[in-house]
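Let's take a walk through a protein model together, looking at rings, sulfurs and strands. Keep the picture open while you read.

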Amino acid sequence: QVQLVESGGGLVQAGGSLTLSCATSGFAFGMYAMGWYRQAPGKEREVVARISSGGVTVYADAVGGRFTISRDNVKNSVHLQMNRLKADDTAVYYCAKHRAPSLQTNPDYWGQGTQVTVSS
């Protein structure tokens, strides 16, 4: 079955960096777009960054220039490098598999999430 397991969350000071990783199994990883999403307390889940099967990337305006999404089609993993973190980046971060190779699709599987807390 499809499995997505996030790691790398934690507590960091504002201005610091973290790298999230998502290990996947149970599907042909290289054939699907992947994404990172987040949900802050009291807010709806929002997209952070997406990457197509071919490596095309799209970022939310709030994180553009600070975050970088990447994928390793050999290790079936997707990563989110987060730099210059702000208190507003505090949230549970979720890895998601999309329904098709392109970015113009919605997720159909989610990881369990990893907490990122940025202290100001």
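For a pair, the ring centres of Phe, Tyr or Trp (its six-membered ring) have to lie within 6.5 Å, and planes under 30 degrees apart count as stacked, over 60 as edge-to-face and the rest as tilted. Here are two of the pairs side by side.

| Pair | Centre to centre | Angle of planes | Type |
|---|---|---|---|
| Tyrosine 37 and tryptophan 110 | 5.0 Å | 70 degrees | edge-to-face |
| Tyrosine 94 and tryptophan 110 | 6.5 Å | 90 degrees | edge-to-face |

Before going on, a word on where this comes from. This is a predicted model, in which local features need pLDDT of at least 70 and side-chain atom pairs count only at pLDDT 80 or more, while totals for chains, interfaces and linings use all residues. Residues are numbered from 1 along each chain as its sequence is written, and side-chain values use heavy atoms, with hydrogens and water left out.

Tyrosine 37 sits in strand E4 and tryptophan 110 in strand E10 (residues 107-110), so their pair ties together parts that are 73 residues apart in sequence. Strands (E, at least two residues) are DSSP runs, numbered from the N terminus. Tyrosine 94, in strand E9, is 16 residues away from tryptophan 110, and this pair too links distant parts of the chain.

Tryptophan 110 is partly exposed, at 35%. Elsewhere, ring pairs join Phe27, Phe29 and Tyr32 into a cluster.

Strand E10 also holds tyrosine 109, which is partly exposed with a relative accessible area of 39%. Leaving out residues up to four places away in sequence, tyrosine 109 touches Val2, Leu4, Cys95, Ala96 and Lys97, where contact means heavy atoms within 4.5 Å.

How many disulfides does the structure hold? There is 1 disulfide, a term for a pair of cysteine sulfur atoms within 2.5 Å. Its partners are cysteine 22 and cysteine 95, with sulfur atoms 2.1 Å apart. The torsion about their S-S bond is about -80 degrees, so the disulfide is left-handed. Cysteine 22 belongs to strand E3 (residues 18-25) and cysteine 95 to strand E9 (residues 91-98), so the pair ties together parts that are 73 residues apart in sequence. Both cysteines are buried.

Now for the nonpolar core, meaning a set of buried Ala, Val, Leu, Ile, Met, Phe, Trp, Tyr and Cys residues joined through side-chain atoms within 4.5 Å. The largest one has 26 residues, and Trp36, Val78, Leu80, Met82 and Tyr93 have the most contacts inside it. Several strands supply at least two residues each, among them E3, E4 (34-39), E8 (77-82) and E9. Zoom in on valine 78: its contacts, not counting residues up to four places away in sequence, include Cys22, Trp36, Ile51 and Cys95.

Last, the sheet. Two strands pair if DSSP finds at least two bridges between them. Four strands form an open sheet with antiparallel pairing, in the order E1-E3-E8-E7. Strand E1 (3-7) and E7 stand at the edges with a single partner strand each, so one side of each is left without a neighbour in the sheet. From one strand to the next, the twist averages 15 degrees, using axes that are lines fitted to C-alpha atoms, with angles running from 0 to 180 degrees between N-to-C directions.

E3 and E8 run antiparallel and are joined by 6 bridges; one example has alanine 23 partnered with serine 77 in E8. E7 and E8 also pair in the antiparallel sense, over 6 bridges, and here threonine 68 has glutamine 81 of E8 as its bridge partner. The hairpin of E7 and E8 has 4 residues between the strands, and asparagine 76 in it takes a positive phi near 55 degrees.

Notes
Buried means under 20% relative accessible area, exposed over 50%, partly exposed in between (1.4 Å probe, protein chains only).
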